[in-house]
Amino acid sequence: ANNCICLQYDLRYTYEQRGWDLAEKDFSDISLMMELILSCDFVDKNSIFAVGSSNGSVLSMYMARSYPESICGVAITSPLCDWKLMYQTSDIHEGFFEYYCAGTPDEAPEEYETRSAVTFANEILCPVMIIDYTDPWYYYKAGQAEAMKNAMDAVGGNCTIHKLDTPLSEANDFKTAEARELLWKFIDKYK
């Protein structure tokens, strides 16, 4: 794929800084980044892809929802698409959900809904590609990729899952040649 610009977003706080909650701050950062991208004359405003892993998958889906006229595809790995389901099936509660969601699903239901792309699958108008690995980390065990595909299928969306025979611990993000090849093919197909 030629003529690509890649901007990387990283969390503004680290997980160890538990005095800070991330709730909503990452969404406002992504919105500011998109406004910057859209203000550039050299950017094709109808051919922007959102690519992310883990919390980046949340932000990528948020971008597709918030900028449907500009985001022409979403490619994610290690997806976190149903936070309530993840909360119910995970054993990593200490600090993790408070950091990202400002509490439990009962304490912060709006935040869980905002972070859970399965709740707004009908608003994702572009194709979504999910790369899933053979041994997902414990907090992805809730079937996040399948939950997203099922939600998009239910509303007539375009979502594909590619299962790679690589342990996530060796391939998180798009580190493997196979994952990068799938990403470039996806971009070439939908740009």
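In what order do the α and β elements of the protein chain run from the N terminus on? The order is α-β-α-β-α-α-α-β-α-β-α-α, made up of eight helices and four strands. Helices (H or I, at least four residues) and strands (E, at least two) are DSSP runs, numbered from the N terminus. The model is predicted, so local features need pLDDT of at least 70 and side-chain atom pairs count only at pLDDT 80 or more, while totals for chains, interfaces and linings use all residues. Residues are numbered from 1 along each chain as its sequence is written, and side-chain values use heavy atoms, with hydrogens and water left out.

The protein chain has 191 residues, of which 49% count as buried; here buried means under 20% relative accessible area, exposed over 50%, and partly exposed in between (1.4 Å probe, protein chains only). The accessible surface of the protein chain is about 9700 Å², and carbon and sulfur atoms hold 50% of this area. Accessible areas come from the Shrake-Rupley method with a 1.4 Å probe, and for residues only the protein chains shown count as cover. Among contacts (heavy atoms within 4.5 Å) with a separation of 6 or more, 73% join residues 24 or more positions apart.

The interior comes next. In soluble globular proteins, nonpolar side chains tend to be buried together. A nonpolar core is taken as a set of buried Ala, Val, Leu, Ile, Met, Phe, Trp, Tyr and Cys residues joined through side-chain atoms within 4.5 Å. The largest such core holds 41 residues, and those with the most contacts inside it are Met61, Ile71, Val74, Trp83, Ile124, Val128 and Met148. At least two residues of this core come from each of helix H1 (25-39), strand E1 (48-54), H2, E2, H3, helix H4 (93-101), E3 and H6. The most is given by H2, with six residues. Apart from this core lies another, of 13 residues, which include Phe49, Ala75, Ile131 and Phe186. Met61 is in contact with Val74, Ile76, Ala117, Phe120, Ile124, Val128 and Met148, leaving aside neighbours within four places in sequence.

Met86, in helix H3 (residues 83-89), is buried, at 0% relative accessibility.

Beyond the end of H6, Gly156 has a positive phi, near 80°. In strand E3, Asp132 counts as buried at 10% relative accessibility. Not counting residues up to four places away in sequence, Asp132 touches Pro79, Ala145, Glu146, Ile161, His162, Lys163 and Leu164.

Aromatic rings complete the picture. Rings of Phe, Tyr and Trp (its six-membered ring) pair if their centres lie within 6.5 Å, with planes under 30 degrees apart counted as stacked, over 60 as edge-to-face and the rest as tilted. The structure holds four aromatic pairs. One of them, Phe27 with Tyr62, is tilted, at 4.5 Å centre to centre and 35° between the planes. Phe27 lies in helix H1 and Tyr62 in helix H2, so the pair ties together parts that are 35 residues apart in sequence. Phe27 is buried at 1% relative accessibility, and Tyr62 is buried at 16%. Phe49, Phe186 and Tyr190 form one aromatic cluster.

Charges also sit over rings, which requires NZ of Lys or CZ of Arg within 6 Å of the ring centre and within 35 degrees of the ring normal. Arg65 lies over the face of Phe120, at 4.2 Å from the ring centre, and Arg115 over that of Trp83, at 5.8 Å.
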